[in-house]
Amino acid sequence: MSEATTRATAPQRTDTTRRGPVVAALMLGMALAALDGTIVSTAVPQIVGDLGGLSVFSWLFSGYLLAVTVTLPVYGKLSDTFGRKPVLIAGIALFLIGSVLCASAWSMGSLIAFRVVQGLGGGALQGTVQTIAADLYPLKERPRIQARLSSVWAASSVAGPAVGGVLAGYADWRWIFLVNVPVGLLALWLIARHLAEPARSTAPHARVRVRIDWAGALAIFATGAVLVTALVQGGVAWPWLSAPSLGLLGGAAALAALTVVIERRAAEPIIPGWVWRRRTIAAVNLSLGALGLLMVAPTVFLPTYAQSVLGLGPIAAGFVLSSWTLSWPISAALSNRVYTRIGFRRTAILGISVALLLLLAFPFLPFPGEPWQPALLMLLLGAALGLFQLPLIVGVQSTVPYEERGTTTASVLFCRQVGQSVGAALFGAVANGVLAARLGADTDLDTLARSLKATDLIRRAVDTAVDYVYLGAAGAAALALVVLLTIAPRRFPVLKEQAEQREAPAKT
């Protein structure tokens with residue numbers, strides 16, 4: 001990429017960084033971020049019983065998701081400007097402060113506000129951890145560390161509800177947040193002691209005073225906040241075509257236009273224009289946005305399907321879902337053996353093509369069927385998505401120099417998070433619409449999932465609703481495939497970092 005190669009030489013890695021302890025810290029940080037996305041779910045009855053606020057408890061999840069999503073691009077730019085280490089330390093510290101505040105909450109309103117504080121730290125954890133992993137490892141070794149991080153994320157996401165239930169049932173729900181403190185402090189100590197930031201360029205032009213685009217950061221935060229609020233609350237707190245939904249969506253569109261104007265005028269924009277002007281980054285952003293969209297189908301709707309249609313208990317339903325968390329990191333770890341032979345783009349095309357076929361196969365499962373059937377599909381789907389996601393992340397990180405890697409990684413994760421928010425709203429509306437049509441009543445999937453008596457009519461209605469959701473997920477996979485075929489370049493323009501000169505160039 002000529003534009004990138006003409007930039008100042010990237011900072012050099014230093015030999016004082018000990019990768020083992022740093023990787024341990026990254027895994028602990030990833031576990032913190034992943035656990036807190038799910039650990040609260042099974043403790044909601046205890047929290048509501050203590051604090052009240054049943055009508056707004058969903059914001060315990062939505063507030064956290066909102067803060068993580070809208071801060072990702074901000075932290076990405078800050079890590080490129082000031083370095084990864086201070087941003088990660090600040091993120092962990094803010095996350096721990098939020099955790100302690102959550103444990104001391106006196107009302108549902110205060111707990112929601114403190115969950116937002118946690119999310120502000122969680123945004124730094126997600127993006128910066130991925131960026132440091134790419135900094136530490138050369139191209140050929142990146143799948144190994146990314147697979148480890150994927151394994152931690154998957155295991156933590158699955159274990160979160162179980163851990164939350166145990167702590168709430170046998171101790172106190174406040175311990176759900178307090179257990180973060182020793183883990184976070186250990187991660188902080190390892191990062192502070194063992195991570196040495198690369199020596200930054202000493203060229204005269206590099207000593208120019210850094211200007212932070214605070215107006216752009218505020219505009220991005222406001223746009224994301226309004227958009228995610230509209231997507232999370234639409235169809236739940238108010239109908240989609242009501243004044244609040246239309247007003248929020250219109251406000252998000254206006255704020256997005258304002259953000260574009262501000263970013264174009266900024267000297268150092270939070271989201272630079274090159275993120276979307278470069279074909280490789282734009283294609284990966286759109287593809288992983290589609291991935292976030294399709295991931296909603298299994299993660300949100302499969303547990304309800306397993307309980308309502310297959311008649312499984314919550315633990316068994318969790319095992320059906322967790323099967324893809326076994327194959328995803330294994331497939332990701334082995335993906336380098338594929339993309340070093342056929343390239344990043346072709347590997348991703350192979351993975352998403354298989355995923356598309358598997359998603360299309362779900363509606364053909366027999367009714368009511370056996371638990372091993374959806375579990376097998378999920379096992380294969382995880383393997384396919386491991387071949388799809390990781391080559392794109394590793395590939396796009398390898399096309400930019402050090403000083404652009406944080407912004408690039410954050411833009412990818414931001415698009416995936418937005419895709420998940422859109423998918424939750426879109427597929428929730430699809431499922432509820434199918435249920436209302438089949439049952440002839442104004443009902444929704446959440447209400448039926450809590451029903452103690454699942455009649456054959458309800459089971460068939462849920463089965464049909466989830467089938468439509470999986471067809472929608474197949475549409476998202478098809479969208480990703482079209483993007484890779486039409487927008488992504490045939491070969492990713494990988495840069496040869498000075499620290500990787502000893503490595504043979506990977507075939508791309």
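Where in the chain is the place of T408? T408 sits in helix α18, residues 402–439; helices here are DSSP runs of H or I with at least four residues, strands are runs of E with at least two, and both are numbered from the N terminus. This is a predicted model, in which local features need pLDDT of at least 70, side-chain atom pairs count only at pLDDT 80 or more, and totals for chains, interfaces and linings use all residues. Residues are numbered from 1 along each chain as its sequence is written, and side-chain values use heavy atoms, with hydrogens and water left out.

**View 1. Whole chain.** The chain has 20 helices and zero strands. Of its 508 residues, 53% are buried (buried means under 20% relative accessible area, exposed over 50%, and partly exposed in between, with a 1.4 Å probe and protein chains only). The accessible surface comes to about 21,300 Å², and carbon and sulfur atoms account for 66% of that surface; areas come from the Shrake-Rupley method with a 1.4 Å probe, and for residues only the protein chains shown count as cover. Contacts are heavy atoms within 4.5 Å. Among contacts between residues at least 6 apart in sequence, 84% join residues at least 24 apart.

View 2. With neighbours within four places in sequence set aside, T408 is in contact with W274, I281, V396 and V400.

**View 3. Salt-bridge network around R84.** A salt bridge is a side-chain nitrogen of Lys or Arg within 4 Å of a carboxyl oxygen of Asp or Glu, and the count by this rule is five. The network links D80, R84, D135 and R405. D80 forms a salt bridge with R84, with the closest N and O atoms 2.7 Å apart. D135 also bridges to R84, with a closest N to O distance of 2.7 Å. D135 belongs to helix α6 (residues 108–136) and R84 to helix α5 (residues 84–103), so this pair ties together parts 51 residues apart in sequence. D80 and R84 are buried, and D135 is buried as well. R84 also lies over the face of Y402, at 4.1 Å from the ring centre; the rule asks for NZ of Lys or CZ of Arg within 6 Å of the ring centre and within 35 degrees of the ring normal.

**View 4. Salt bridge between R174 and D50.** The closest N and O atoms of R174 and D50 are 3.6 Å apart. The pair links distant parts of the chain, 124 residues apart: R174 is in the loop between α7 (142–170) and α8 (175–178), and D50 is in helix α3 (residues 44–51). R174 counts as partly exposed because its relative accessibility is 22%. D50 is partly exposed too, at 43%.

**View 5. Aromatic pairs at F344.** Rings of Phe, Tyr and Trp (its six-membered ring) pair if their centres lie within 6.5 Å; planes under 30 degrees apart count as stacked, over 60 as edge-to-face and the rest as tilted. The structure holds seven aromatic pairs. One of them is Y339 with F344, a tilted pair at 4.6 Å centre to centre and 40° between the planes. Both Y339 and F344 are buried. The ring centres of F344 and F492 are 5.6 Å apart and the planes are at 40°, so this pair is tilted. F344 lies in helix α16 (residues 344–361) and F492 in the segment after α20 (456–486), 148 residues apart. F492 is buried, at a relative accessible area of 3%.

**View 6. Aromatic cluster.** Y305, F362 and Y470 form one aromatic cluster.
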